[in-house]
Amino acid sequence: MNIHQQIAGNKRKTYVIMALFVLFITTIAYVFGEASGYGLAYGVIALIFSGLTSFGSYFYSDKMVLSLSNAQPANRDRDYDFYTAAENMRIASGLPMPKLYVIEDEAINAFATGRNPEHAVVVATRGLLSRLDRSDIEGVVAHEMSHIKNYDTRLMVIVSILVGSVALIAHFFMRSMFWGRGNRDKGGSGAFMIVLAIVFAVVAPIIATLIQLAISRRREYLADASAANLTRNPEGLASALEKISADNSVLSTASPATAHLFISNPFRAKEAKSWFTNFFATHPPIEERIKILRGM
Amino acid sequence: MNNTALILLVAGVVIAGFIWNLYNGLVTARERIKEAWSGIDVQLKRRADLIPNLVETVKGYAKHEKEVFENVTKARSAIMGASTPKQAADADNMLTGALKSLFAVAENYPKLMANTSFQNLQRQLEDTEDKVAFARQFYNSNVLDFNTQIKVFPNVLLAGMFGFSAVEFFEATETEKGNVKVKF
């Protein structure tokens, strides 16, 4: 597949996953509503709740992540390759210049955040800047700026609001069952709904998280393909990923909350290869990404 | 009677909406090309601005290479005087060639090669060359979008009427084309 087909295919798959997700949430909100007798109020309350808690992380994502990960502004002279690569990618993509930051850490990693291109931030570790050569850095910066261009921060915030509301709905429901508020005297179909709802309450948050992770992985592939389209040099990013996967140091300032932002999982040292663990990964396996990049 | 009138009205509104949409879309695409062009222009000027300094620095070590200096200076003024993308592209290609022979000549002067301001200028020139290349890529992809839009059916029927015509690409030199690593 060439780059343009890759980009189109990844976008299409994101739409499909998002549509399935909305369908899924509507279904469980309906089942819980029926089972408890509160109707759709459940879903609405959960969405509002989850939305409010995610609002801050959406609007201040740039500042929050920066203060969490202990990053310092980049300097054009000292971080020449990083800075000029970002300038070049800005020109190639037509985006505004993102703010650039460096984390003083020897692990090789990078991430981007910000709710829109005007508030975008690209962060790289010192290890990445000193151990990768220029075309590798350019590939990484292009990958990060592609996340910005594709509005991935916004998408992932929306997705996490949805995931959060699924967890809340399930939680509300279990509470109301516990306190015996549901109308259990409905008989026949009512009892069936309650059993179904209990099963959903247990399974739904897990499924929601799996969908979130699937979207996250899809966006990684998309950013890889868009990066190749910007640099016209997929080999740069492929070789950067190779060096990243060979590096085993763990980024000390990363936390599970910020893990999905990075170009590769910051805790990846013990990355397993079975399909089951891949299911729970924020990122696709690096070998697979390199293979696709080299095939472009 | 009433029904036919209604159908005609709806059809008229749909067609007018389509034309409105098409016209505004094409105007936007053409403005984007202009903006992308100014992106190239900025980098070309920046590159040209580095030339006098470079020539002075090299002259300090290699006075006799008059022809090389003349070519570089000539290419520089061609860039400054270019008014169309085609002229600018030609001038830029000329400058690339002239700089190549200047740097080839510089190889013969070890003291010049060791000069930090020369090294700095060389680095800045490399940087602007990269930027020209990426600005050109962005410009050309905008031109491609626009040219495709005015050539597909049914846009092709109306684009000419509104005075939209295909825009020229900013062409790279043969040697630069040889460096492209990816096939599409």
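Reply: Happy to. Let us start with the words: helices (H or I, at least four residues) and strands (E, at least two) are DSSP runs, numbered from the N terminus, and two strands pair if DSSP finds at least two bridges between them. This is a predicted model, in which local features need pLDDT of at least 70 and side-chain atom pairs count only at pLDDT 80 or more, while totals for chains, interfaces and linings use all residues. Residues are numbered from 1 along each chain as its sequence is written, chains are lettered from A and ligands numbered from 1 in the order in which they are written, and side-chain values use heavy atoms, leaving out hydrogens and water.

The part to look at is the sheet of chain A. Four strands make up this open sheet, in the order 1-2-4-3 and with mixed pairing. Strand 1 (71-73) and strand 3 (110-113) of chain A are the edge strands with a single partner each, so one side of each has no neighbour in the sheet. On average, neighbouring strands are turned by 30 degrees against each other, direction ignored; axes here are lines fitted to C-alpha atoms, for helices over the stretch in contact, and angles between N-to-C directions run from 0 to 180 degrees.

Strand 3 and strand 4 (residues 121-125) of chain A run antiparallel and are joined by four bridges. Within this pair, A:Thr113 stands opposite A:Val121 of strand 4.

Helix 4 (residues 80-93) of chain A lies across strand 2 (99-103) and strand 4 of chain A, at about 150 degrees to strand 2. Helix 6 (residues 134-149) of chain A touches strand 3 and strand 4, its direction making about 25 degrees with that of strand 3.

The contact takes 20 residues from chain A and 13 residues from chain B.

Across this interface there are two salt bridges, a salt bridge being a side-chain nitrogen of Lys or Arg within 4 Å of a carboxyl oxygen of Asp or Glu. B:Lys131 forms a salt bridge with A:Glu87, the closest N and O atoms being 2.8 Å apart. Helix 1 (3-36), helix 4, helix 6 and helix 8 (188-231) of chain A are the elements that give two or more residues to the side touching chain B. Helix 4 of chain A provides the largest share of that side, eight residues.

Key
Contact = heavy atoms within 4.5 Å.
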